Amino acid sequence: MSDAALWTALADPHRRAIVALLLERPRPVGEIVEACGLSQPSTSKHLKVLREAGLVRVRQDSQRRVYALDPAPIAELDTWLAPYRALWNRSLDLLGRRLDETATDDPEETTPKD
């Protein structure tokens with residue numbers, strides 16, 4: 001699995017919806033089709049992209065194909081995103097402190113006047 005394939009797979013909103021469904025539990029193709037409101041051929045194409053990117057795995061259950069998330073690529077994404085998450089958390093913490101400071105600087109300015 002390449003990073004490009006992973007990002008490409010997740011770039012499509014239908015594939016992200018499928019990933020969200022599979023986060024709840026493994027599902028047969030028919031359930032995915034019904035939940036996403038896509039045609040069976042379209043859903044199968046999306047599942048193929050997700051499978052080739054390593055995001056999902058499939059198992060045969062009698063006549064049904066059941067898809068499940070593979071957590072390893074998601075963990076890789078989480079690791080890659082960690083420094084960015086820390087950056088955002090620091091920025092939001094600074095913003096929160098600044099807003100707290102301005103709210104307590106002059107209570108008269110924030111109090112509505114009649």
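Q: Which residue of S3 stands opposite Pro 28?
A: Val 66 in S3 stands opposite Pro 28. This is a predicted model, in which local features need pLDDT of at least 70, side-chain atom pairs count only at pLDDT 80 or more, and totals for chains, interfaces and linings use all residues. Residues are numbered from 1 along each chain as its sequence is written, and side-chain values use heavy atoms, with hydrogens and water left out.

Q: How do you know that S1 and S3 pair?
A: Two strands pair if DSSP finds at least two bridges between them. Two bridges join S1 to strand S3 (residues 64-69).

Q: What makes S2 and S3 a pair, and in which sense do they run?
A: Six bridges link S2 and S3, in the antiparallel sense. Val 56 has Leu 69 in S3 as its bridge partner. The two strands form a hairpin with two residues between them. In the turn, Ser 62 has a positive phi of about 60°.

Q: Why are S1 and S2 called edge strands?
A: The open sheet has three strands in the order S1-S3-S2, with antiparallel pairing. Strand S1 (27-28) and strand S2 (56-61) each pair on one side only. That is what puts them at the edges.

Q: How many helices and strands does the protein chain have, and what defines them?
A: The protein chain has six helices and three strands. Both are DSSP runs numbered from the N terminus: helices are H or I with at least four residues, strands are E with at least two. From the N terminus on, the elements read α-α-β-α-α-β-β-α-α.

Q: Why is H1 called roughly perpendicular to H2?
A: Helix H1 (residues 3-11) and H2 pack at about 95°, with axes 5 Å apart. Angles of 65 to 115 degrees count as roughly perpendicular, under 35 as roughly parallel, over 145 as roughly antiparallel and the rest as oblique. The value is in the perpendicular band, so H1 is roughly perpendicular to H2. Axes are lines fitted to C-alpha atoms, for helices over the stretch in contact, and angles run from 0 to 180 degrees between N-to-C directions.

Q: Why is H2 called oblique to H3?
A: Helix H2 (residues 13-24) and helix H3 (residues 29-36) pack at an angle of about 125°, their axes 11 Å apart. That angle makes H2 oblique to H3.

Q: What makes the contact of H2 with H3 nonpolar by class?
A: Ile 18, Leu 21 and Leu 22 in H2 meet Ile 32, Ala 35 and Cys 36 in H3. Contact means heavy atoms within 4.5 Å. By class, this contact has six nonpolar, no polar and no charged residues. Ala, Val, Leu, Ile, Met, Phe, Trp, Tyr, Cys and Pro count as nonpolar, Asp, Glu, Lys and Arg as charged, and the others, Gly among them, as polar.

Q: What makes H3 roughly perpendicular to H4?
A: The axes of H3 and H4 come within 10 Å and cross at roughly 110°. That angle makes H3 roughly perpendicular to H4. Val 29, Ile 32 and Val 33 of H3 make the contact with Gln 40, Thr 43 and Leu 47 of H4. By class, these residues divide into four nonpolar, two polar and no charged.

Q: Which helices lie across the strands, and at what angles?
A: H2 lies across S1, S2 and S3, at about 90° to S3. Helix H4 (residues 40-52) lies across S2 and S3, at about 115° to S2.

Q: Is His 46 buried or exposed, and how do you know?
A: His 46 is found in helix H4. Buried means under 20% relative accessible area, exposed over 50%, and partly exposed in between (1.4 Å probe, protein chains only). The value for His 46 is 10%, so the residue is buried. Leaving out residues up to four places away in sequence, His 46 touches Asp 12, His 14, Arg 15, Ile 18 and Leu 38. The C-alpha atoms of His 46 and Ile 18 are separated by 8.4 Å, with the residues 28 apart along the chain.

Q: What percentage of the protein chain counts as buried?
A: Of its 114 residues, 26% count as buried.
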